[in-house]
Amino acid sequence: MKNTVRVIGLLLIILALLAPGHAAEDPRFELLGEPLRSRPLDVQVVTTNSRGESMAWASISGPHATLFDVVGVNLATGKSRLLNLSRWGETHKRLHRADNGHLYIYSGSPGRFFKFDIEKGELIDLGKTLNVGFYHLTHGVGPDGRMWSGSYPSTELAWVDPKTDKIGNLGRLTSDPRVKYVNGIAVSDANIVYCALGLHHPELWAVDPASGQKQQILPAALMKRQGTVSLRLGEDGQVYGAGGGRFWRCRPDGIDFVEKWPAVRVAAAQNLLGDERVVRLDADGLLDVRALKGSGQRTIASDFTPPRSPIYCMGPELNGKVYGGGASHWANIFTYDIATGKMEDLGRKGGGGVQVYDILAHPRGMFQTSYTGGHLDYFDPESGERKLLVRLASSHQQERLTQLCLGPDGRVYTGTVPVKGILGGVLARLDPEDFSHQVWRNIIPEQSIIGVLSVPATREVFFTSSVGGGTSAIPSQKEAVVGLWDVDGERVAWQAKPIPGTRRYDSAALGADGLIYGTAGSKFYVIDPQRREVVHQGDLPVKSVRHLALSDTPAGPDHLIYGLGEDAVFAIDPARREARVVGRHPSVAHGQGILATADGTIYYGSGSQLWRMRP
């Protein structure tokens, strides 16, 4: 009887897999593992209920995170509690322990407040406060106990009153569409809420909750630069600001300049446990607890391990190892040994701490780009040598260095997307021998440079552009372009618009036939760089190519150019000048980065997992 039940069950499973919409997964797809370690989570709040039970709370969020939840750990038992907030939208979170002892959370897309009742152990949705805002970078607490938070891109100012659990929204602050971030909130003892906005330019808003009056108080002279201002609450209960080399005291209707930053009121930390501080939940699920005085330190074991860090890019194959980089404030490099299957997290090798954009193999070592800060750096995987070389955010207002290539002149090239609120990327060149660099801004006026590709036959670098700029920038151009950069003449030698109306071209690949193959949206194009001619346009079998997911070199016996889109691995066939799906798998729907090895094997990231598709 048991065997009969098993057979029937097996047949039902097979029929389900064969049913429309439930096709069996392609056996060529293989999960290799999770190469990056877990990122430690900072403990932000400790709560204690009337029964003496204390919980340490941390949020799991950030770009490309695999979970978007809040985790609490019982400090006596180590047992964890996961507050699942993902269904309200993936975004950053703000945590606050109110005077009533309960945990309040601002999260969601659009933003909303939550209350975790520490007595009942219940998560309560207090409701939505915003219509479009998310990405909550900061919060402040006023003398009346209200918690305030602002959001991107609407700069709306939302609040919750823990005394009543009422919520509200005082509306959008700025009317300038170029300013979308709320970067700082400080509330004076007089209960005036001051909000620092940016990043196209700084603004400083004073808000009176009693009357609802809102006023921009920063003088025009301090609003001319890109960025934002800093805010602090002084010991005297007044809010002070700093920016552009100046310091000032805030008023509801203006500012008064002062000579220096005043003494700051130090707020009581919310992650205290008696005379100790609960610092973080590490990659092994251990809570790091440190004494407030002296050097005492201990750990508390928990049953929760932070999720593995996600993969952001795939790099080269070198000496039998596949390289890749991480994201979500874990910009580490990893390797996968093809022969042994061994994975190794090599740690952080660049200056940016959030994500690795690209990795380039060179006879001297490895070059990598990372965010934030617009870093182009060097490391040697053999010797362990590491050098921080270029930080374009501070020198040229560039934040994201998207792709690397070794030009026909033997030097390293990359294109960039500028800092937040700004238009106009650069083409940057680095000499791998002496590490000197040169930058050309706006080679295509007010456009970012997305992809770069070496074209040895013409001694040029092919580039692709986007009308977009740094996050929150408003495009001024209508169409993106592609072009060829003369590495000897140091100029744009040719440019074109192969797909009319396109606002962003993705990266491109040089085919074995010497032609350039690139994508834009649901289409691909072919360019003959010697004839300076667009020779073909075609349709992709997907609506769009995933970010950093077009191989930049042909692979396999047919010299195909591979990419990821939707849940499919597709290939552009140069011989037939057509694109087709070569495999589908659920993991590709979350694909990030791609590496196509010489034999046509595809490696890609999917969340924290490394996957492989064999030809």
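The model is predicted: local features need pLDDT of at least 70, side-chain atom pairs count only at pLDDT 80 or more, and totals for chains, interfaces and linings use all residues. Residues are numbered from 1 along each chain as its sequence is written, and side-chain values use heavy atoms, without hydrogens and water.

**Whole chain.** Select the protein chain. Its C-alpha trace spans about 80 × 70 × 50 Å along the principal axes. Colour by secondary structure: there are 2 helices and 52 strands (DSSP runs, H or I of at least four residues for helices, E of at least two for strands, numbered from the N terminus). Of the 615 residues, 55% count as buried (under 20% relative accessible area; exposed is over 50%, partly exposed in between; 1.4 Å probe, protein chains only).

Strands β9 (112-117) and β10 (122-128) pair in the antiparallel sense over 6 bridges (pairing needs at least two DSSP bridges). Asp117 stands opposite Glu122 in β10. The hairpin has 4 residues between its strands. In the turn, stop at Gly121, which has a positive phi of about 70°.

**Loop residue.** Now go to Arg503. It sits in the loop between β42 (491-496) and β43 (508-510). Is Arg503 buried, partly exposed or exposed? Its relative accessible area is 41%, so Arg503 is partly exposed. Show its contacts (heavy atoms within 4.5 Å). Beyond neighbours within four places in sequence, these include Ser466, Pro475 and Lys478. Finish with Val481: its C-alpha lies 8.1 Å from that of Arg503, and the two are 22 residues apart in sequence.
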